[in-house]
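Subject: Handing over the structure

Hello,

Here is the structure I promised to pass on to you. Have a look at it first, and then read on for what turned up in it.

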Amino acid sequence: YRFFGEPVVEACVENGASCIDISGEPQFLEGMYLKYNTKAAEKGVYVIGSCGFDSIPADMGVLYTRDKLKGTLTGVESFLKVKSGPEGTCVHDGTWKSAVYGLADQDNLRKLRKSIGYAPVPVIGAKLKKRGFVFYNKEFKEYSIPFMGSDVSVVKRSQRYLHTELKETPVQYSAYANVGGLGSVIKLMFAGLLFLLMVKFNFGRKLLTKYPEFFSAGVFTKKGPTQKQMDGTSFTMTFFGEGYSEGQDPQNGKPNVKICTEVKGPEPGYVATPIAMVQAAVSLLEDAACLPKQGGVYSPGAAFSKTKLIDRLNKRGVEFSVISKPEI
């Protein structure tokens with residue numbers, strides 16, 4: 001999307017067509033907001049990015065958790081686990097390239113956000129605690145690390161919109177991925193450090209994009225996954241929410257209710273993503289009365305918070321459920 005996405009958005013806006021994509025690149029998503037939000041509003045069209053895995057499960061999962069809590073949800077942590085079958089798992093190198101160019105261009109993303117001039121999202125309730133780069137997760141009995149995708153930035157955009165436009169209580173959000181035992185952590189840390197070092201240099205980026213299979217230990221390839229690999233892969237995203245019971249002021253005292261929810265589905269990149277994208281498009285067409293009043297460039301949660309998108313996803317294999325009901 002960084003290199004090829006904008007002409008599509010521009011053509012859609014100019015010609016009065018709504019547009020949905022599956023980008024996971026914050027710089028592209030927020031760049032399109034800066035350039036086309038006003039024009040899209042004038043044309044009455046909706047440009048909705050990140051409508052695939054992993055941002056639809058994350059963004060809609062936070063809203064689902066909020067709606068299932070009797071009270072005020074103020075903080076959510078999500079934990080992603082991807083399970084693979086005997087054939088292992090594999091991803092096309094397009095995702096790898098997005099990560100290479102995205103991490104190499106962090107400075108420009110900061111400048112872009114400065115240009116947009118985002119209003120700060122207020123922290124309501126107890127501040128969500130920050131976790132370390134690697135930590136042992138007692139709930140899952142394995143190690144977790146911060147999730148490196150675009151979810152946190154996408155959810156934040158949704159929460160900012162829902163707070164400023166609809167006066168809803170903003171929810172703090174942190175995203176993590178479960179990586180397994182200590183051996184997996186050591187391998188991942190070594191690979192991660194090498195990756196971060198190489199993306200800083202042009203020569204390093206060329207090597208990373210030319211030999212994705214070698215540098216990702218076979219996870220990213222130019223061919224993508226086989227049918228057997230896709231059939232044996234699934235994902236679970238678990239949400240731990242905290243908040244305040246009905247009648248309790250979130251500005252006073254500690255959170256006194258907790259809830260656990262889950263979004264699970266088939267292989268993320270090639271099965272769950274098309275399901276999410278198509279159902280987002282169907283919601284855009286069929287739930288028009290429930291969309292934001294005016295067109296513009298939106299994140300999924302901002303666009304679809306009042307639609308039947310979660311019901312549609314539930315019927316098609318991307319399932320949202322409550323694991324443990326709110327407990328005071």
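A residue counts as buried when its relative accessible area is under 20%, as exposed when that area is over 50%, and as partly exposed in between. Ala217 has a relative accessibility of 71%, so this residue counts as exposed. Please keep in mind throughout that this is a predicted model.

Let me stay with Ala217 for a moment. Ala217 sits in the loop between helix 9 (212-215) and strand 8, and although Ala217 is not a glycine, its phi is positive, at about 55°. Lys167 is another non-glycine residue with a positive phi, here about 60°. The loop that holds Lys167 runs between helix 6 (151-166) and strand 7, and Lys167 is exposed, with a relative accessible area of 66%.

Phe53 and Asp54 are joined by a cis peptide bond, with omega at about 20°. Asp54 belongs to the loop between strand 2 and helix 3. Ser50 is also placed in the loop between strand 2 (46-48) and helix 3. Is Ser50 buried or exposed? Ser50 is buried, with a relative accessible area of 1%. Setting aside residues up to four places away in sequence, Ser50 touches Asp21, Ile22, Ser23, Leu29, Ser55, Ile56, Val154 and Pro300.

In soluble globular proteins, nonpolar side chains tend to be buried together. In this model the largest nonpolar core has 41 residues, and those with the most contacts inside it are Ile48, Met60, Phe304, Leu313, Val318 and Phe320. Which helix gives the most to this core? That is helix 3 (residues 55-68), which supplies six residues. Phe320 is in contact with Met60, Gly61, Tyr64, Glu262, Val263, Ile310, Leu313 and Asn314, leaving aside neighbours within four places in sequence. Another core, of 13 residues, lies apart from the largest one, and includes Cys19, Tyr36, Ala40 and Val297.

Glu319 is found in strand 12 (residues 319-327) and is partly exposed, with a relative accessible area of 36%. Beyond its neighbours within four places in sequence, Glu319 has contacts with Glu262, Val263, Lys264 and Asn314.

Because Trp96 lies in helix 4 (residues 93-104) and Phe220 in strand 8 (residues 220-221), the pair ties together parts that are 124 residues apart in sequence. Both Trp96 and Phe220 are buried.

The rings of Phe135 and Tyr176 also have their centres 5.2 Å apart, but their planes are at 90°, so this pair is edge-to-face. Phe135 lies in strand 5 (residues 135-137) and Tyr176 in strand 7 (residues 172-180), so the pair links parts 41 residues apart in sequence. Phe135 is buried, with a relative accessible area of 10%, and Tyr176 counts as buried at 5% relative accessibility. Ring pairs link Phe135 and Tyr176 with Phe79, Phe140 and Phe240 into a cluster. What sits over the ring of Tyr176? The charged end of Arg131 does, 5.9 Å from the ring centre.

There is also an annotation to know about. The unreviewed UniProt entry places a "transmembrane region" at residues 175-199. In the model, that span is 68% helix and 24% strand, and its end C-alpha atoms lie 23 Å apart.

Last, the cysteines. The count of disulfides comes to zero. For Cys12, the nearest cysteine sulfur is that of Cys19, 4.2 Å away, and Cys12 is in no disulfide. Cys51 is in no disulfide either; its nearest cysteine sulfur, again that of Cys19, is 9.3 Å away. Cys12 is buried, with a relative accessible area of 15%, and Cys51 is buried too, at 0%.

Enjoy exploring it!

Best wishes

Conventions:
Residues numbered from 1 in each chain as written. Predicted model: local features only at pLDDT ≥ 70, side-chain atom pairs only at ≥ 80, totals over all residues. Heavy atoms only, no water. Disulfide = S-S within 2.5 Å. Buried < 20%, exposed > 50% of the residue type's maximum accessible area, 1.4 Å probe, protein only. Helix = DSSP H or I, 4+ residues; strand = E, 2+ residues; numbered from the N terminus. Contact = heavy atoms within 4.5 Å. Phe/Tyr/Trp six-rings, centres within 6.5 Å; stacked < 30°, edge-to-face > 60°. Lys NZ or Arg CZ within 6 Å of the ring centre and 35° of its normal. UniProt positions renumbered as here; feature names shortened; annotations may be inferred. Core = buried A, V, L, I, M, F, W, Y, C linked by side-chain atoms within 4.5 Å.
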